[in-house]
Amino acid sequence: MAVKHRCKVCGYIYEDDPKNAGFPFEAQDDSYLCVVCGAPKSEFEEIRTRD
Ligand SMILES: [Zn+2]
């Protein structure tokens, strides 16, 4: 099981983006915006995967 963060607006998954490796979502500043659609950090939700 792994916890990931997904943008509720466009479906972008933060942890699946290679350029975010080693930099957890929680460590992002509150001003972080989705790189795909520009949604604010508050529009991300936690998801759990089986891998
Ligand atoms: Zn997005």
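The model is predicted, and its protein chain has 0 helices and 2 strands. The protein chain has a radius of gyration of 10 Å, which agrees with the value near 10 Å that a compact globule of 51 residues would have.

**Overall form**

- Taken along the principal axes, the box filled by the C-alpha atoms of the protein chain is roughly 30 × 20 × 15 Å.
- Among the contacts in the protein chain with a separation of 6 or more, 64% are accounted for by residues 24 or more positions apart.
- The strand β1 covers residues 2-7 and the strand β2 covers residues 44-49, with a loop between them in which Cys37 is found.

**Cys37**

- Cys37 has 12 other C-beta atoms within 10 Å, and because a residue counts as exposed if that number is 12 or fewer, Cys37 is exposed.
- When residues up to four places away in sequence are not counted, Cys37 touches Cys7, Val9 and Cys10.
- Lys19 lies 18 residues from Cys37 in sequence, and the distance between the two in space, C-alpha to C-alpha, is 17 Å.

**Glu15**

- Glu15 also has its place in the loop between β1 and β2.
- Glu15 has 16 C-beta neighbours inside 10 Å and therefore counts as partly exposed, since that class lies between the exposed limit of 12 or fewer and the buried limit of 20 or more.
- Leaving aside residues up to four places away in sequence, Glu15 touches Lys4, His5 and Asn20.
- Pro40 is 25 residues from Glu15 along the chain, and the C-alpha atoms of these two residues are separated by 16 Å.

**Ser31**

- The loop between β1 and β2 is likewise the place of Ser31.
- Ser31 is exposed, because there are 7 other C-beta atoms within 10 Å of its own and the exposed class takes in residues with 12 or fewer.
- Between Ser31 and Asp51, which are 20 residues apart along the chain, the C-alpha atoms are separated by 29 Å.

Terms used
Residues are numbered from 1 along each chain as its sequence is written. This is a predicted model: local features need pLDDT of at least 70, side-chain atom pairs count only at pLDDT 80 or more; totals for chains, interfaces and linings use all residues. Helices (H or I, at least four residues) and strands (E, at least two) are DSSP runs, numbered from the N terminus. The radius of gyration is taken over C-alpha atoms; the globule rule is 2.2 Å times the number of residues to the power 0.38. Two residues are in contact if their C-beta atoms, placed from the backbone, lie within 7 Å.
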